[in-house]
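Open the structure in your viewer and keep the sequence beside it. The stops below say what to select next and what is there.

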Amino acid sequence: MFQFVISLILMVVVVAVIVWAARKDWGEKKGTGHLISLVSAAVGALAVVLLGASFLFTQDEGEAKALRSFTGELVGSKSEPGIGIKAPWVDTVSFDTRNNVAKFSDAGSDATGGSIPFNDKAGTRGSMDVTVTYAVRPDMVEDIYREYRTQEMFRTRLINQDIAAMVRTIPSRYSTVEVLSKREEVSANILEALEKRWERWGVTGIQVALQDIRYPEQIMQRFENLTAEQTRAEEAKAATATAEQEAKKKLVEAEGEAKANKARSEALTDKVLQQQYIEALKIAAEKGQLIITDGKTTPMINVDADPKK
């Protein structure tokens, strides 16, 4: 729109200069007339370039544009990257459809706002640093424009306010210890709440990162002490469980050994013992040993059968 207006003004100026020069008869003066002609031609060429440019606009990846007439009325939108054509009296309003970040923290110059205060279930006051990333569906740009006009207003009146509201609301369901120890659960509930609120506006790809949760110093110290005690208790519990497992293992091994001994004892009947006794005599005979026995008792005489030995 601006280019179109400037081109019209320049054209009017060129025409006015030509008419004025003609009335002054400067066209007959070679030096002055030639200079006026050159200047008029240059200004006229500039006006034509600006007029042509007012019909075109460019669009990058990850961007969508709402097309707005000079009356403010929405006349369309474009979401495909490249060069677009529009009426010269139509302006474009750009919306970034991806890589949007809302960061709330007291640290850093790139923060959208400061840390967000909240009260937990016990009424204890704390504050949270949170970063939310999101994208916007290109096909929802027209609806967003009708309601908020610009992306900055969309961020200020919807995105940032909803983030602050959810960060204040969700922790009120948890105790102080739970807020500090169940960070992932709190984050997931904030994410779920934002997804429900932003669904109608085509906001997608939402991610919530709770970067820091702060309470007064004495509360943080109590939580650290409690965490240390819980860690020691868990370590003691683990050690007890290990000892119990070791004791059960030894008991099982002892019972197994006892059963094996009992089985061996029951297996050694008189008949078995007699057979083992006979086998032992055979082995001794094969080695050249002479054994004298009555066949009922232990050997009476064990003589080496080789007299040289």
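Is aspartate 162 buried or exposed? Select aspartate 162: its relative accessibility is 6%, so it counts as buried (buried means under 20% relative accessible area, exposed over 50%, partly exposed in between, with a 1.4 Å probe and protein chains only).

Before going further, note that this is a predicted model, in which local features need pLDDT of at least 70 and side-chain atom pairs count only at pLDDT 80 or more, while totals for chains, interfaces and linings use all residues. Residues are numbered from 1 along each chain as its sequence is written, and side-chain values use heavy atoms, with hydrogens and water left out.

**Around aspartate 162**

Aspartate 162 lies in helix 4, residues 151–169 (helices, H or I of at least four residues, and strands, E of at least two, are DSSP runs numbered from the N terminus).

**Helix 3 against helix 4**

Next, select helix 3, residues 141–148, together with helix 4: their axes come within 10 Å and cross at roughly 75° (axes are lines fitted to C-alpha atoms, for helices over the stretch in contact, and angles run from 0 to 180 degrees between N-to-C directions). Helix 3 is therefore roughly perpendicular to helix 4 (65 to 115 degrees counts as roughly perpendicular). To see the contact, show Ile144, Glu147 and Tyr148 of helix 3 with Met153, Phe154, Arg157 and Leu158 of helix 4.

**Two loops**

Move to arginine 149, in the loop between helix 3 and helix 4. Its phi is near 75°, a positive value in a residue other than glycine. Most residues other than glycine have a negative phi. Arginine 149 is partly exposed, with a relative accessible area of 42%.

Then select asparagine 99, in the loop between strand 5 (90–96) and strand 6 (100–104). Asparagine 99 also has a positive phi, about 60°, and at 66% relative accessible area it is exposed.

**The whole protein**

Finally, zoom out: the protein has eight helices and eleven strands. Of its 309 residues, 29% are buried.

Conventions: Parallel < 35°, antiparallel > 145°, perpendicular 65-115°, else oblique. Contact = heavy atoms within 4.5 Å.
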